[in-house]
Amino acid sequence: FPVAIVVHGGCWVMRYASITNSTALADALRDAGIATWNIEYRRADSPGGGWPNTFLDAAAATDHLREVAKTYPLDLSRVITIGHSAGGHLAMWLAGAKRIPASSPLARRDPLPLRGVVALAGIADLADFRTYQQNSCGDVVDGLMGGDATQFPDRYAAGSPVALFPLDVPQVQIVGTLDRVMPQ
């Protein structure tokens, strides 16, 4: 089966969402014949969350598919990520994993290759999102990254998908016309 790694949103904090928010999407994809891997990660406001562990959790969950494929008939040559909002950020970030600077604590030796990414109101540019995050999430990017891009340029270079462009895989960004989190 092809696989969709499903990443929930929630502004990278516990109060807005959890893995249960992406269950319906994972179930719909499963019903369409796509295996799903609905992943969880430590949020910025949970113990050990934020830089770098939120990212490392998403990476570890993705790479763990290699172990899962030993038990289930998964086609690891056809894996995509799909996520909403903060999950869209992580989905795009996972797709750009091979472009993370080797000096970063987020650098991975052998990331699971992905064939594409779908971001549902995904946050591609963390520094830019800081300028309008108050419209929806509040001050969350500093909690995720430990500060702003002027304080931690290396973190933003490794953790902001826009810094990893081109992702070298097909990508789709879907944003609703009335979306308050990710305006068009």
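1. The fold contains an open sheet of five strands, ordered E2-E1-E3-E4-E5 with parallel pairing; strands (E, at least two residues) and helices (H or I, at least four) are DSSP runs numbered from the N terminus, and two strands pair if DSSP finds at least two bridges between them. Strand E2 (35-39) and strand E5 (171-174) are the edges, each pairing on one side only. From one strand to the next the twist averages 15 degrees.

2. This is a predicted model, in which local features need pLDDT of at least 70, side-chain atom pairs count only at pLDDT 80 or more, and totals for chains, interfaces and linings use all residues. Residues are numbered from 1 along each chain as its sequence is written, and side-chain values use heavy atoms, with hydrogens and water left out.

3. Strand E1 (residues 3-7) runs parallel to E2 and is joined to E2 by five bridges. Isoleucine 5 stands opposite tryptophan 37 in E2.

4. Helix H1 (residues 23-31) packs on the sheet and touches E1, E2, strand E3 (79-84) and strand E4 (116-120), contact meaning heavy atoms within 4.5 Å. The direction of H1 makes about 165 degrees with that of E2; axes are lines fitted to C-alpha atoms, for helices over the stretch in contact, and angles run from 0 to 180 degrees between N-to-C directions. Helix H2 (residues 53-63) lies across E1 and E2, at about 155 degrees to E2.

5. One disulfide is present (cysteine sulfur atoms within 2.5 Å), joining cysteine 11 to cysteine 137 with S to S 1.8 Å. The torsion about this S-S bond is about -60 degrees, so the disulfide is left-handed.
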